[in-house]
Amino acid sequence: MPRTLAAPRGHSYHFVKAALICSTLLSGAAASFGQAKAEDINWRQFEGASIVWAYDIHPYADAVAAQLPEFEKLTGIKVTPELYPDDAYWNKLTIQLSTKSPSWDVVGTGIQPAWDLAPGQLLEPLDRYLNDPKLTSASYDYKDFFPALRDALTWQVNGGQIEPGRGQVWAIPHGFENIQLFYRKDILDKHGIKVPTTPPEMSAACEKS
């Protein structure tokens, strides 16, 4: 289950100032200030600006927060984190986006929450930021992410349904979780249960046992 960073819809002006994050902080590949000087992008073009980054309290958020001083030194952009307990954050995220609140500029989300928000056009597509050489360094390679992660974050809405794998880019992945199933084969054999490979099979196995 990938964790991603996205921009609320309607925050184009504010997110432009945060778009350098695509090449540094949120990509997980923050460059040093000395390296940045040699590149063609003007990392300090939004110096003095400030943005708010919101997320739930999570080790992933800790990893991003640890890079904030380097990002601020590199860009001159002040980042204010707003971190909330898990349940409170997801409820607040829905309210913030559905009311088009200007309070948050960059938000943390996941694939399913992002898909839930997509039909309402509550997120900002990122293609024009990623493709703008003034905002995203030429050294930043979005295709370096696993194809499955890119496909999950690239979609179009057709008839109110998400069609992943094509369309626009809606978020930048920065972490993912691999969910695994551990089981006792002797217990499954005792009850005549096959190893479940899908959520419905898992539910049926639990009921049978």
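Which residue in β4 is the bridge partner of Trp-53? The views below come from a predicted model, and the first one answers this.

**View 1. Strand β4 and its pairing with β2.** Val-106 is the bridge partner of Trp-53 in β4. Strand β2 covers residues 50-56 and runs parallel to β4, with two bridges joining them. Five of the five residues of β4 are buried, so the strand is largely enclosed by the rest of the structure. Neither face of β4 is left uncovered: one side carries Val-106, Gly-108 and Gly-110, the other Val-107 and Thr-109, and all of these are buried.

**View 2. Aromatic pairs, with Trp-53 and Tyr-55.** The structure holds seven aromatic pairs. In one of them, the ring centres of Trp-53 and Tyr-55 are 6.0 Å apart and the planes stand at 80°; planes over 60 degrees apart count as edge-to-face, so this pair is edge-to-face. Both Trp-53 and Tyr-55 are buried.

**View 3. The pair formed by Tyr-84 and Trp-104.** The ring centres of Tyr-84 and Trp-104 lie 5.9 Å apart with their planes at 40°, so the pair is tilted. Tyr-84 belongs to strand β3 (residues 78-84), while Trp-104 sits in the loop between α5 (86-98) and β4 (106-110), so the pair ties together parts that are 20 residues apart in sequence. Trp-104 has 1% relative accessibility and therefore counts as buried, the cut-off being under 20%.

**View 4. The aromatic cluster.** Ring pairs link six-membered and other aromatic side chains here into a cluster made of Trp-53, Tyr-55, Tyr-84, Tyr-89, Trp-90 and Trp-104. Among its members, Trp-53 and Tyr-55 are buried, and Trp-104 is buried as well.

**View 5. Helix α5 and its two faces.** Helix α5 has 13 residues. From its first C-alpha to its last, α5 reaches 19 Å, close to the 18 Å expected at 1.5 Å a residue. Tyr-89, Leu-93, Gln-96 and Leu-97 are buried in α5. Viewed down the helix axis, the buried residues of α5 fall within an arc of 85°, so they line one face of the helix. The face turned away from this buried side carries the exposed residues Asp-87, Asn-91 and Ile-95.

View 6. Lys-100 takes a positive phi of about 55°. This residue comes just after α5.

Definitions and conventions: Residues are numbered from 1 along each chain as its sequence is written. This is a predicted model: local features need pLDDT of at least 70, side-chain atom pairs count only at pLDDT 80 or more; totals for chains, interfaces and linings use all residues. Side-chain values use heavy atoms; hydrogens and water are left out. Rings of Phe, Tyr and Trp (its six-membered ring) pair if their centres lie within 6.5 Å; planes under 30 degrees apart count as stacked, over 60 as edge-to-face and the rest as tilted. Buried means under 20% relative accessible area, exposed over 50%, partly exposed in between (1.4 Å probe, protein chains only). Helices (H or I, at least four residues) and strands (E, at least two) are DSSP runs, numbered from the N terminus. The expected span of a helix is 1.5 Å times one less than its number of residues. The arc is that of the directions from the helix axis to the C-beta atoms. Two strands pair if DSSP finds at least two bridges between them.
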